Amino acid sequence: MRVRNFITEEVAKLSYATANAKETNNRVLTGVLLDFPRQLAVATDQKVMAMAHLRLPSDYALLESVIVSTEFLEAAYSLGSACDIEITPTKSYIYAAGKKTEYANVQGTYPDYGKVLPERRQEVKLTINLSLVSTLLKALGLGKKDGVTLCFDPTNPTHPARIAKGDKTLGLVMPMRY
């Protein structure tokens, strides 16, 4: 069914969650799962998973999940409200300027991401400024493949988070909110 474009920037950016994996030679998926029943878009390269909420027309919430191509997502987002879209089990379409463009959906099964997302868990939410953390990590001379650990006290999230490599503290960052 043809509807006004509902691909938001958050959903379109998921294609970059898989594109970044090209730099590390990981297997790259060419599509993003649109899980209509859960109203989620999901991208994973089996090391990183990113999700965004879908704002769906009511008729789409009843459809089965579909893996759409990243090319479709990027094209739909770039056209914004100037286009209509249609997503079927095998193909996706963009209608713009009197033209219909067809994109093949990715066939196959998507990893069951629900298995890695616990429904209920104890957690402390800590919001940090990613720009400051990125600047700190660059100043420390860490490369793209270097792993670091973000450590914080779950009993007192107002304390600074510690950025560590192994047991060595590399830096501290204050939480923005908790």
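Two strands count as paired if DSSP finds at least two bridges between them. In general, strands of a sheet pair through backbone hydrogen bonds, and the pairing can be parallel or antiparallel. In this predicted model, four strands make an open sheet in the order β1-β6-β7-β8, and their pairing is antiparallel. β1 (3-4) and β8 are the edge strands, since each of them pairs on one side only.

One pairing can be followed in more detail. Strand β7, which covers residues 91-96, pairs with β8 over six bridges in the antiparallel sense. Among the residues involved, Lys 91 has Ala 104 in β8 as its bridge partner.

Next comes the helix α3. This helix lies across β6 (84-87), β7 and β8, and it runs at about 20° to β7. Several residues of α3 are buried: Thr 70, Phe 72, Leu 73, Ala 75 and Ala 76. Just after α3, Gly 80 takes a positive phi of about 55°.

The aromatic rings come next. There are three aromatic pairs in the structure. In one of them, the ring centres of Phe 72 and Tyr 103 are 5.7 Å apart and the planes stand at 65°; planes over 60 degrees apart count as edge-to-face, so this pair is edge-to-face. Phe 72 belongs to helix α3 (residues 70-79) and Tyr 103 to strand β8 (residues 99-104), so the pair ties together parts that are 31 residues apart in sequence. Phe 72 and Tyr 103 are both buried. Elsewhere, one aromatic cluster is formed by Phe 6, Phe 36 and Tyr 60.

Two tyrosine rings have a charged residue over the face. Arg 2 lies over Tyr 95, at 3.9 Å from the ring centre. Lys 100 lies over the face of Tyr 93, and here the distance from the ring centre is 4.5 Å.

How far does the predictor's confidence reach? The mean pLDDT of the protein is 80, and 80% of its residues reach 70 or more. Over residues 24-28, however, pLDDT stays under 50, and the model has nine contacts beyond four places in sequence for this stretch. Where pLDDT is low, the predicted coordinates should not be read in detail.

How values were computed
Residues are numbered from 1 along each chain as its sequence is written. This is a predicted model: local features need pLDDT of at least 70, side-chain atom pairs count only at pLDDT 80 or more; totals for chains, interfaces and linings use all residues. Side-chain values use heavy atoms; hydrogens and water are left out. Rings of Phe, Tyr and Trp (its six-membered ring) pair if their centres lie within 6.5 Å; planes under 30 degrees apart count as stacked, over 60 as edge-to-face and the rest as tilted. Helices (H or I, at least four residues) and strands (E, at least two) are DSSP runs, numbered from the N terminus. Buried means under 20% relative accessible area, exposed over 50%, partly exposed in between (1.4 Å probe, protein chains only). A charge sits over a ring if NZ of Lys or CZ of Arg is within 6 Å of the ring centre and within 35 degrees of the ring normal. pLDDT is the predictor's confidence in each residue, from 0 to 100. Contact means heavy atoms within 4.5 Å. Axes are lines fitted to C-alpha atoms, for helices over the stretch in contact, and angles run from 0 to 180 degrees between N-to-C directions.
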